[in-house]
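Try each task before reading its solution.

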Amino acid sequence: MKTKTSHAIRRTQKQSIVSIFSRILFCPLLLLISANVSRATDHCGTIGLITPEHWTQADAPHRVTCDIIVNNLTIDPGVTVYFTGSYQFEVDGYLHASGTPTQPIVFTSTNGVGWRGIYFLNYGLPSELNWCRISNSINSGIRVQDSWPTIQNCVISSNTSAAGGGGISISISTANDLVLQNCTIVNNTAQCSGGGINASITPPGTLRLQGTTVAGNTVYASCFRKGGGLYIACNAVLESNSIVTANIISGTGSYSSYGSGLYCNSGTTILRNTLVCSNSYSTDSPAGTGVYLNSGQLFATNSIISDNTGNGALYVNGGSAVLVNCTVAYNTSLGLNVAGGTATALNSIFFNNAWNGTSYGAQIAGTTNVTYCDVQGGGYTGFSNITFSPFFLGPGVNFMLSPSSPCIDAGSTNPIYNDVCFPPSQGTARNDMGAYGGPGACGWYLPPVICVPSANQYAVTNTSVCISAGAAGASPLSYQWYNGTTLLSGETGSSLCFSSVQLANQGSYYCVVTNVYGAVTSTPAVLYVTTNGAAILDVAMYAGVDVAGLPGRTYVLDYTTDVGPSPVWTHLATNIMSGMEWFYVDMDSPFQPRRFYRVELK
């Protein structure tokens, strides 16, 4: 045994096989540490006090045998750091731990009890955790005290805390931001507050989650339980497709529970292109199973709150909440419950909430200003609202609108809310209600989905015909058409067209649509080709309008594709009633995504 000037103690011994399994919601992760490791390097005490220290794979695995204080340390990709006891990894200086996607840096324990986490304490140097895996701590995976390290591409899982913040506990009094970028905070547990994250930062300092998932975390114990996923007592921004999902509040006794997904205690919280879904409780019914606003301000834009279980998906206890282009759907209770404070909703959808087993109940409770919104059942203060089904493509595609949705081009006429990105927005420049309308819709990172399935086509030889695949998703979208299993070279547009179709072209065709976030395959469409003179049977659904009126009176039938505050009506037909009924068939209706009708007595 020898002691280095850095005060680290090092020795070598036989290391057995160690396997670490981290089960992460959405993308299961398997980390397998190399078998038959012939040596281990032990560390204890102060690291890098006199000269910087460097932990490499050549000396791996690295084993911590007492409390560590880091002054200057670099850890290479692929290094595993084991803790043999309940020891703390304190960073008082500079830590550079940057792994790679294929060679992450692992911090974990081998003692079956747990270690005491990574603790950044009172230091402003730009420490970094990148592509790291931090698990099995009994005192939060990461604690940040008046420091602001860079934390990105990290998985923080299966940690616990007897206080708040099972995954990450943050306390910053120096008004600096802390950014978590593309991280996953999963399956952590804390008593009382913040199963995943507990944050307190002095303004204007802000907690920023960018593309970060907070999933499957739990708050428990006999206390006032707050924030199964996050407890926030500061300014916070959740953006860039961050996800708060499957977090739980658990516990017994007479104590209340608040915010299974997100508890906003104070400050200003901004949700931007964020999904809050499937958060729940296991005992008493909490208020605000999606988001609970205790005080301060909440601004939610282009976000989705869905499938949460409990009393109010968004619960406003105090402060003010503003929702713009949000979709609140399929929650078991009220979509928005305003028990105190104020709430305003614009260009948003509240639908299919509060299912009682036979029907949907009220979508909103309390004083709320609702404008240019689609609210099931209606009846709320505001103007230019509609009550039609939004025709979601389905929860499985994040509540995108079908092309026939009445919410398309039904939002505010103010140009500042105009749609900018097509897709995910649809129709004209006028705002689409819901999470995919307005300029903020550009912030969604969406894999492609098929909005309009390819339809079978019938053609006569030597005529033109096209098969189309209507897709939406983050741009750019790429298309590739196939005939059966044969790739059609050069056919890379949204439509496959034949300028002079022949019998040899008859067959089954489909398209694969891709972007950087995924791929989708359209339903095969069959092209039927016949020679000149042969009959082709075409079946289509036509809108039939049945008008009841008085004989001898004149009635005018109009249609519009927009039921907003200033719809443009187009004349369709005029009829002088010869009897008590006039039945009109709109022959153009099968070729239009949607039409609304009115009849006027002249």
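**Cysteine exercises**

Cys 466 counts as partly exposed because its relative accessibility is 37%, where partly exposed lies between buried (under 20% relative accessible area) and exposed (over 50%), with a 1.4 Å probe and protein chains only. The model is predicted: local features need pLDDT of at least 70, side-chain atom pairs count only at pLDDT 80 or more, and totals for chains, interfaces and linings use all residues. Residues are numbered from 1 along each chain as its sequence is written, and side-chain values use heavy atoms, leaving out hydrogens and water.

**Exercise 1.** Find the disulfide partner of Cys 466 and describe the link.

*Solution.* 
- Step 1: A disulfide is a pair of cysteine sulfur atoms within 2.5 Å.
- Step 2: The sulfur atoms of Cys 466 and Cys 497 are 2.0 Å apart, and the two form a disulfide.
- Step 3: The link of Cys 466 and Cys 497 is right-handed, with 110° about the S-S bond.
- Step 4: Cys 497 is partly exposed, at 39% relative accessible area.

**Exercise 2.** Decide whether Cys 44 and Cys 66 are buried or exposed, and give their sulfur distance.

*Solution.* 
- Step 1: Their sulfur atoms lie 1.7 Å apart, in a disulfide.
- Step 2: This link is right-handed too, with 110° about the S-S bond.
- Step 3: Both Cys 44 and Cys 66 are buried.
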